[in-house]
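Trainee: I would like to learn how to read a few features in a model. Can we start with charged side chains?

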Amino acid sequence: MLRPYGYIRQNEMHPYIRPYLRLINPKIPYNNMQQQYLTIKQLTDAVKGTITPRMVRHYHALGLLSPAVRSTSNYRLYTRSDVQRLQRIVALKQQGFQLSHIRKLLETDAEASPDAVMATLQRQYLSVIQQIVRLRETASALEGLLGRDLSCQAVQAGALAQLRLLEAETEGGLGHLEQLWDAWDAGAHTHPEAFGESLQHLLPDLSDRSEIEVDLLSKLVLASGDCSLLPFVKLSETAIKSAREALKNRCQIVADVPPVFAALDNTRLAHLGTSITTLIDDPHINAVAEAEQEFWHEREWFEKLLKLEKGCIIVVGYAPSVLMAVCEAIANGQLQPALVIGMPIGFSHSPVAKRRLVRSGIPYITTVGTFGGGLLAAVALNALVESLIEKPNCHCHLK
């Protein structure tokens with residue numbers, strides 16, 4: 001006979017559990033109380049997602065979940081409050097919080113003031129930044145060795161041998177380390193850097209990506225100087241195809257501010273026959289804060305946005321409010337671009353705007369979180385344009 005959902009036999013409960021259930025609700029008879037408990041499998045089913053019983057046991061070990069009560073058969077038993085706590089853990093983890101920080105956050109008194117919670121979060125943030133700095137230093141040292149092109153690799157074997165002997169031959173090694181780097185760097189003066197060769201040992205396996213996407217990602221890494229950017233770049237499945245078709249049809253290209261417009265590949269775009277315009281067409285706008293305030297306070301820019309051509313490509317690299325407005329217009333059926341490249345700068349509204357773009361249903365290229373900027377947005381479009389046409393040897397775009 002199958003048991004009902006959450007059913008635990010009364011004789012499987014430790015005797016002390018029953019009075020505890022009475023304290024929760026004295027009016028519930030024992031046969032109903034039996035259904036207040038969930039097994040670990042029922043707990044994970046209730047939370048849904050990718051959570052597994054093994055992960056639940058791991059969270060117990062870390063102190064994220066309180067010790068579960070046990071049946072006489074030694075099965076873990078859970079209540080609805082455990083479901084809610086586990087849902088909070090999963091939600092925070094999906095937002096990028098590490099388990100150690102989730103535990104501290106959950107341990108914060110529910111009655112604590114917002115200032116106290118903010119102070120806790122700020123301490124956690126500073127701790128994470130310190131970890132990033134240490135890891136960035138390690139990554140830079142590794143990039144200094146792995147990121148050498150073929151010509152520079154001629155000294156790599158000797159450099160690695162010296163590096164292994166460094167600690168043995170010196171008291172601390174630190175005094176001679178700079179001298180070693182100077183010797184290894186001498187080869188860099190003899191030739192220009194071959195960026196493709198440098199990236200071969202630094203980029204992850206991208207064999208499952210198309211040639212155009214690999215080229216686009218590589219150019220974004222070179223523009224930012226940060227290989228860790230790759231996991232934060234997101235493209236919709238139809239982004240490349242939609243952009244190339246729009247460019248072939250001489251679509252309208254719209255940059256949010258003049259600095260993004262200036263970084264676009266005007267030579268190739270002129271040969272493709274596209275029209276290029278700036279949304280916030282004010283030559284005095286050169287900073288993110290200025291662009292944000294200008295678009296927020298001047299209604300004319302929003303009205304101009306609503307008049308953009310169907311099938312255009314929008315490139316947002318500065319103002320989060322522009323991307324927010326683009327997503328709003330798309331949702332209202334007032335705008336239908338072929339592609340939105342959304343990489344505005346910001347620590348608050350920018351991540352929100354990017355999440356809305358991903359959910360908009362329009363082909364997109366974006367960067368998760370705070371990564372972004374006008375240069376990266378322009379580089380993304382330029383990579384797509386370059387996939388269609390080689391660089392013309394002329395200055396016709398200046399006419």
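Mentor: A salt bridge is a side-chain nitrogen of Lys or Arg within 4 Å of a carboxyl oxygen of Asp or Glu. This is a predicted model, in which local features need pLDDT of at least 70 and side-chain atom pairs count only at pLDDT 80 or more, while totals for chains, interfaces and linings use all residues. Residues are numbered from 1 along each chain as its sequence is written, and side-chain values use heavy atoms, with hydrogens and water left out.

Trainee: How many salt bridges does a search of the whole structure find?

Mentor: The search finds eight. One of them joins the side chains of Lys-41 and Asp-45, with N to O at 3.0 Å.

Trainee: Where do Lys-41 and Asp-45 lie?

Mentor: An α-helix has 3.6 residues a turn, so residues three or four places apart point the same way. Lys-41 and Asp-45 are both in helix 3, four residues apart, about one turn of the helix. Helices (H or I, at least four residues) and strands (E, at least two) are DSSP runs, numbered from the N terminus. Helix 11 (residues 211-224) holds Lys-219 and Asp-215, also four residues apart, and their salt bridge has its closest N and O atoms 2.6 Å apart.

Trainee: Are the residues of these pairs buried or exposed?

Mentor: Buried means under 20% relative accessible area, exposed over 50%, and partly exposed in between (1.4 Å probe, protein chains only). Lys-41 is partly exposed because its relative accessible area is 47%, and Asp-45 is partly exposed at 39%. Lys-219, at 23%, is partly exposed, as is Asp-215 at 30%. Asp-265 and Arg-268 also form a salt bridge, with the closest N and O atoms 2.6 Å apart, and both of these residues are buried. Asp-208, Arg-209 and Glu-213 are linked in a network of salt bridges.

Trainee: Which residues of helix 3 are buried, and what do they pack against?

Mentor: In helix 3 (residues 40-47), the buried residues are Ile-40, Gln-42, Leu-43, Thr-44 and Val-47. They pack against helix 4 (53-62), strand 2 (76-77) and helix 5 (80-94); contact means heavy atoms within 4.5 Å. Just after helix 3, Lys-48 has a positive phi of about 65 degrees.

Trainee: What does His-101 touch?

Mentor: Leaving out residues up to four places away in sequence, His-101 touches Gln-124 and Val-128. His-101 is in helix 6 (residues 99-107) and is buried, at 8% relative accessible area.

Trainee: How many disulfides does the structure hold?

Mentor: A disulfide is a covalent bond between the sulfur atoms of two cysteines. Here the test is a pair of cysteine sulfur atoms within 2.5 Å, and the structure holds zero. For Cys-251, the closest cysteine sulfur is in Cys-312, 7.5 Å away, which is too far for a bond. Cys-251 is buried at 7% relative accessibility, and Cys-227 is buried at 17%.

Trainee: Which element gives the most to the lining of the largest pocket?

Mentor: On a 1 Å grid over the protein atoms alone, a pocket is an open set of points where a 1.4 Å probe fits, with protein on both sides within 12 Å along at least five of seven lines; lining residues have an atom within 4 Å of a point. Helix 7 gives the most, with 15 residues.
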